[in-house]
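Subject: Structure handover, with notes on pockets and helix packing

Dear colleague,

Please find below the structure I promised to pass on, followed by my notes on what was found in it.

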Amino acid sequence: MDTAGLTAFVTVVDSHSFSQAAQKLFLTQSAVSKRIALLEDQLDCRLFDRIGRQVVLTEAGSRLLPKARDILHALEDAEKLIKENAGEVTGKLTLAASHHISLHRLPPVLKAFINRFPEVELDLRFAASEFAYEGVLKGDFELALITLAPEADDRILARTLWSDRLQYVVAKTHPLASTAHVSLDELNRYPAILPGTDTFTHQRVRQHLALQGLEPNLGMSTDYMDTIRMMVSVGLGWSLLPETMIDQSLHRLETGTEAVYRPLGCIHHRNRTLSNAARELLNMLPEAV
């Protein structure tokens with residue numbers, strides 16, 4: 001059964017006529033007759049007896065009528081409920097965020113969002129940008145706040161929110177810390193401490209070094225930028241870190257090369273219908289920036 005057949009059935013009953021029912025439904029009489037015939041075929045019984053010009057319900061039709069009205073009323077109520085609640089920001093929002101964004105960018109945004117929309121159940125997952133990216137593609141996450149991929153998938157809609165400028169840094173006690181200008185070739189003689197080779201940040205750094213014909217001289221590796229900062233600060237190697245993370249324990253190096261940037265932003269699947277909560281968070285993110 002479908003709603004078109006049930007609507008035609010109830011309208012014929014209320015109108016006591018196929019022709020009047022057709023007028024009310026803005027259909028031809030033959031179209032109404034076809035809908036009733038299809039409904040009778042689906043139920044394998046006659047619903048109306050046509051006696052002269054009169055249309056009389058059969059026993060089966062009489063039994064169907066109250067159920068048909070209940071079904072149509074329930075659908076009408078559901079439609080009203082959806083329309084009435086269309087503007088409400090409630091429900092569950094599954095959000096993934098990289099560790100760096102979670103620590104250094106997200107807290108004020110989340111605080112404002114929770115205060116504005118307390119009815120939203122926030123399911124926040126801390127994940128590597130690459131894992132969160134795949135999660136959005138698979139439908140596991142509605143939104144993700146990550147380091148944006150160097151080459152985006154066509155299925156992903158990405159919005160850049162922040163642009164992290166990366167600086168070459170070493171410890172204050174590093175041999176190169178006293179040098180006014182350091183070439184990348186000279187720097188690369190020392191071990192680099194970078195995120196994993198499969199990370200978006202590593203790919204951008206590798207691209208930058210490749211412009212100078214260099215392969216990074218890799219030392220230790222970790223995907224946590226705060227851990228990288230600690231290891232560089234104790235003299236274990238050099239790295240590129242966001243300007244916002246550089247503190248007094250680090251020395252910035254002048255390499256004379258173009259600045260390296262990594263875009264941070266929000267992504268979601270192109271074919272996914274976003275919830276009200278997701279749309280509101282997307283609207284709030286530029287305000288936070």
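Which helix gives the largest share of the lining of the largest pocket? Before the answer, please bear in mind that this is a predicted model. The largest share comes from helix 5, which contributes three residues to that lining.

Two or more lining residues are given by each of helix 5 (99-104), helix 7 (129-138), helix 9 (200-210) and helix 10 (225-233). If you sort the lining of the largest pocket by class, you will find seven nonpolar, seven polar and four charged residues.

The second largest pocket has a volume of about 160 Å³, and of the 13 residues lining the second largest pocket, R165, Q167, L253, T255 and T257 are the closest to its centre. Here the largest share of the lining, four residues, is supplied by strand 6 (residues 156-171). The classes in the lining of the second largest pocket are six nonpolar, four polar and three charged residues.

I turn now to the helices. Two packed helices are described by the angle between their axes and the distance between the axes, and I give both for each pair below.

For helix 1 (residues 3-15) and helix 3 (residues 29-43), the axes come within 9 Å and cross at roughly 110°; since angles of 65 to 115 degrees count as roughly perpendicular, helix 1 and helix 3 are therefore roughly perpendicular to each other. The crossing in which helix 1 passes helix 3 is left-handed. On the side of helix 1 the contact is made by A4, G5, L6, A8, F9 and V12, and on the side of helix 3 by V32, R35, I36 and L39. By class, this contact of helix 1 with helix 3 consists of eight nonpolar, one polar and one charged residues.

For helix 1 and helix 2 (residues 18-25), the axes come within 8 Å and cross at roughly 120°, so that helix 1 and helix 2 are oblique to each other, and their crossing is right-handed. In this contact T7, A8, T11, V12 and S15 of helix 1 meet F18, Q20, A21, K24 and L25 of helix 2, which by class gives five nonpolar, four polar and one charged residues.

Finally, the axes of helix 2 and helix 3 come within 8 Å and cross at roughly 105°, and helix 2 and helix 3 are therefore roughly perpendicular to each other. Helix 2 brings F18, S19, A22 and L25 to the contact, while helix 3 brings Q29, V32, S33 and I36. The residues of the contact of helix 2 with helix 3 divide into five nonpolar, three polar and no charged.

With best wishes

Methods
Residues are numbered from 1 along each chain as its sequence is written. This is a predicted model: local features need pLDDT of at least 70, side-chain atom pairs count only at pLDDT 80 or more; totals for chains, interfaces and linings use all residues. Side-chain values use heavy atoms; hydrogens and water are left out. Axes are lines fitted to C-alpha atoms, for helices over the stretch in contact, and angles run from 0 to 180 degrees between N-to-C directions. Angles under 35 degrees count as roughly parallel, over 145 as roughly antiparallel, 65 to 115 as roughly perpendicular and the rest as oblique. A crossing is left-handed if the near helix is turned anticlockwise from the far one by less than a right angle, and right-handed if clockwise. Contact means heavy atoms within 4.5 Å. Ala, Val, Leu, Ile, Met, Phe, Trp, Tyr, Cys and Pro count as nonpolar, Asp, Glu, Lys and Arg as charged, and the others, Gly among them, as polar. On a 1 Å grid over the protein atoms alone, a cavity is a set of points where a 1.4 Å probe fits but cannot get out, and a pocket is an open set with protein on both sides within 12 Å along at least five of seven lines; lining residues have an atom within 4 Å of a point. Grid points are joined across faces, edges and corners, and a volume is the space filled by probe spheres set on the points.
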